[in-house]
Amino acid sequence: MIKPDGVQRGLVGEIIKRFEQKGFKSVALKFVQPTEEMLQKHYADLSGRPFFAGLVKYMASGPVVAMVWEGLNIVKTGRQMLGETNPADSKPGTIRGDFCIQVGRNIMHGSDSVESANKEPCGSRMKNLFHGSQLIKFGFMKTRSIEILNGGLNISVFIILTEI
């Protein structure tokens, strides 16, 4: 997901471009304005943390772009392209290394594992954004599962935007 700061700064096209140029396929994309109510439910597991109120306020401050990407080793490669959670620890050439300087405004969210990705697009957090029938099916795919086997290649889905 591209967070409000990434959208407000006009980085959506650049971020999409990087994933497309790497060879990944976009199978779903939505531009949405999350409400505080949606975000409070989404981040309910963090409600006891001191940063909760600020997180909800920030995420509701503007629209976000939810995306689902598909490709060989997308979770691992996508995380490398994204950079470290703290932009100060991110290398130049990564999205966070090139475009942000503050951990609270780190432009994007990406799944950290195949397990998380399997939960995020169709799980309770995303069920109102992407339904299975809304994921684009490319001709080379044999199934619509998040983790598919195609000619011996393990193809995973990387969720860029799953914070809704």
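Colleague: Where does Asn73 lie?

Modeller: Before I answer, please keep in mind that this is a predicted model, in which local features need pLDDT of at least 70 and side-chain atom pairs count only at pLDDT 80 or more, while totals for chains, interfaces and linings use all residues. Residues are numbered from 1 along each chain as its sequence is written, and side-chain values use heavy atoms, with hydrogens and water left out. We locate a residue by the elements around it, and these are DSSP runs numbered from the N terminus: helices (H or I, at least four residues) and strands (E, at least two). Asn73 sits in the loop between strand S2 and helix H5, where S2 covers 64–72 and H5 covers 74–82. The phi of Asn73 is near 55°, which is a positive value in a residue other than glycine.

Colleague: How many helices and strands does the protein chain have?

Modeller: The protein chain has seven helices and four strands, and from the N terminus on they follow the order α-α-β-α-α-β-α-α-α-β-β.

Colleague: Is Asn73 buried, exposed or partly exposed?

Modeller: Asn73 counts as partly exposed, because its relative accessibility is 42%. For the protein chain as a whole, which has 164 residues, 48% count as buried. Ile107 lies in the loop between H6 and H7, and with a relative accessible area of 0% it is buried.

Colleague: Which residues have the most contacts inside the largest nonpolar core?

Modeller: In soluble globular proteins, nonpolar side chains tend to be buried together. A nonpolar core is a set of buried Ala, Val, Leu, Ile, Met, Phe, Trp, Tyr and Cys residues joined through side-chain atoms within 4.5 Å. The largest one here has 19 residues, and those with the most contacts inside it are Ile15, Phe19, Ile107 and Met108. Helix H2 (12–22), S2, H5 and H6 each supply at least two residues of this core, and H5 gives the most, with four. Apart from it lies another core, of 11 residues, among them Leu39, Tyr43, Tyr58 and Val64.

Colleague: Which residues does Ile15 touch?

Modeller: Contact means heavy atoms within 4.5 Å. Not counting residues up to four places away in sequence, Ile15 touches Ile2, Met67, Ile95, Ile107 and Met108. Over the protein chain, if we take contacts between residues at least 6 apart in sequence, 76% join residues at least 24 apart.

Colleague: At what angle do H2 and H5 pack?

Modeller: Two packed helices are described by the angle between their axes and the distance between the axes. Axes are lines fitted to C-alpha atoms, for helices over the stretch in contact, and angles run from 0 to 180 degrees between N-to-C directions. H2 and H5 pack at about 135°, with their axes 12 Å apart. That makes H2 oblique to H5, since angles under 35 degrees count as roughly parallel, over 145 as roughly antiparallel, 65 to 115 as roughly perpendicular and the rest as oblique. Where they meet, Arg18, Phe19 and Lys22 in H2 face Ile74, Thr77, Gly78 and Met81 in H5. Thr77 is buried, with a relative accessible area of 15%, and, leaving aside its neighbours within four places in sequence, Thr77 is in contact with Lys22, Phe24 and Leu72.

Colleague: Which residue does UniProt list for "active site"?

Modeller: UniProt positions are given in the numbering used here, feature names are shortened, and annotations may be inferred rather than shown by experiment. The unreviewed UniProt entry lists His109 for "active site". His109 lies in the loop between helix H6 (95–99) and helix H7 (114–119), and it is buried, with a relative accessible area of 17%. For "binding site", the unreviewed UniProt entry lists Lys3, Phe51, Arg79, Thr85, Arg96 and Asn106.

Colleague: Is Asn106 buried or exposed?

Modeller: Asn106 is buried, with a relative accessible area of 4%, and it is found in the loop between H6 and H7. Not counting residues up to four places away in sequence, Asn106 touches Lys3, Asp5, Thr85, Pro87, Arg96 and Cys100. Thr85, in the loop between H5 and H6, counts as partly exposed at 45% relative accessibility.

Definitions and conventions:
Buried < 20%, exposed > 50% of the residue type's maximum accessible area, 1.4 Å probe, protein only.
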